[in-house]
Each structure stands twice: as C-alpha cells, then as structure tokens.
Amino acid sequence: MVEAGLVAAGFGLLPLLALGLWPIRDAIRRHEVAIWGLLLGVVAFVGIAHTGAAILVGNSYLKFEASPATSAGIVAAGLFLGLLVGWRLLGTAGPGKSSSPGALVGAAALYVALHSVTDGIVLGESYVGPGSSGYPLTAIIVGGTLLHRFAEGSLIVVPAIVAGWKPSKSVAVLLVALAAVPAAYVPIFLLNPPMLSATTVAIEQAASVFASSLEAGFAVMLLLVGLMPRVSGAKDTRWALWAGLAFSAMLFIHFLVE
C-alpha cells in the first residue's frame, strides 16, 4: 500500500500538468469564450454537483453522530463563509463588469486549494481502520485522477494565460493543491487508535462537512461572479454547449475514480 502522504503529494503536484496549455496559448486566446465555457462546466460539476453530494452524504452521518441542528449549523456556516470570501474576492468589479483575469487566478487558486482539502480528507479516510485499503493505484483510477487534476490546474492556468502571466509565475500558484497533504492526515489522526472515539468520529465528519460546504459556497461565487460574466455577453452561445460537455466529462471521470 502506498503511503497516504505520498499519494496526497501526487494529488497536489498533478495540477502542474496544466502548464502544458502554454504552448497553445494563442489558440486559447482565439477561442477564449469557449474555453471559459469549459471551465464553467468543470466548476459546476466539481464545486456544486459533486461537492453538494458530498455534503448530503456527510450530513447523513453527522446528524446522527452529533445532532441535526449541529449538522445544519456547520453546513450553513461553511456555505456562508464560502459565499462571503468569494464575494470579497470577485464581487467588487462593479455592475456589468467582469473580474479581471488576475483576480480570477487568485480566486481559482483558492478554489483549487479548498477542493484539494476535501480531496485530501476523502483520501485519508481510505487509510483508516485495521482493514483499510488505501488508495488503489489501478490504471483506470490513475488515468481518471490525471484528467481530474489537469482540469483543476486549468482553472488557474487559463486565466493566467489570458492575464499575460509567464509559466514560471504560475508554478508557485499551482502548488496550492498540496493542501491535500495535511488534509489527508486529519482522518488518519482522528479515526485511528488511540484517538478513535465517538467524539473524534464526530469531529472528523464535522471537518469534512464544513470543508465541503465552504468549497460549495465559494464555487457558487466563482461561477456567478467570476466565470459567467466572461461569457454572458457573447453573441455565440455555444459556450453553453462546451460547459455542458465539460460537466458531462467530469461526471464520467468521477465514475472512474470513485
């Protein structure tokens, strides 16, 4: 079994694959609206559909480990904080104006960091208990993970290209995905002896639900204030088709990795 920290580090480094978009930066600029549509579809699935499902599953456990009111309060706190942070980062461009590509780079980096935390927690849970299987490194799962993390890296690299950044400047930003490493050790620490107890189980689930809720709230702002204004004024609405295709692709990728 590959050690959890090594797998989490791999998760954190894979978004660097998106640096491979730089050689086609001119094509990206020519088809910018379509590319924004693709990114919109990625965030719609990963940040809302997938994360929303994770919140509902986590809530089903947490409300019994703690109470329905506690679970609802944790979800509400995470969502509100995510919405507030997203608005503060992206909602100040002014009426009818879209956020600058530079602001989108920062927002996308924070989103990738948040998603890496939730991914890290899920990864760590697979290493919990005496019969833990760890993260299976089969060809299909590894291939799906490569595509998944490449798409997340693209959320940072595309606005960086549009903003005129150099590749070297983006490397440090992409490394925010290494947030998966410490996050993986949260369930490993709380759910293995001698820490394991009813209290630590509830704490671990609360951390997971809060992180997912925070990600979902931020994703809403990234979609509505960050990405939608980049495409809403386009005469050609084919960006919506690209968004739908990206959403569908991310759905099928998750069939492979989960």
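Trainee: Which residues in α6 meet which in α10?
Mentor: Ile140, Ile141, Gly144, Thr145, Leu147, His148 and Ala151 in α6 meet Met250, Ile253, His254, Leu256 and Val257 in α10. Contact means heavy atoms within 4.5 Å. This is a predicted model: local features need pLDDT of at least 70, side-chain atom pairs count only at pLDDT 80 or more, and totals for chains, interfaces and linings use all residues. Residues are numbered from 1 along each chain as its sequence is written, and side-chain values use heavy atoms, with hydrogens and water left out.

Trainee: At what angle do α6 and α10 pack?
Mentor: About 140°, with the axes of α6 (residues 139–162) and α10 (residues 238–257) 8 Å apart. Axes are lines fitted to C-alpha atoms, for helices over the stretch in contact, and angles run from 0 to 180 degrees between N-to-C directions. Helices are DSSP runs (H or I, at least four residues), numbered from the N terminus.

Trainee: New topic. Is Ser213 buried or exposed?
Mentor: Buried, because its relative accessibility is 0%. The cut-offs are under 20% relative accessible area for buried and over 50% for exposed, with partly exposed in between (1.4 Å probe, protein chains only).

Trainee: Which helix does Ser213 lie in?
Mentor: Ser213 lies in α9, residues 198–231.

Trainee: What is Ser213 in contact with, leaving aside neighbours within four places in sequence?
Mentor: Ile55, Val75, Gly78 and Leu79.

Trainee: And how close do the axes of α5 and α8 come?
Mentor: Within 7 Å, and the axes of α5 (residues 101–125) and α8 (residues 180–190) cross at roughly 40°.

Key
Helices (H or I, at least four residues) and strands (E, at least two) are DSSP runs, numbered from the N terminus.
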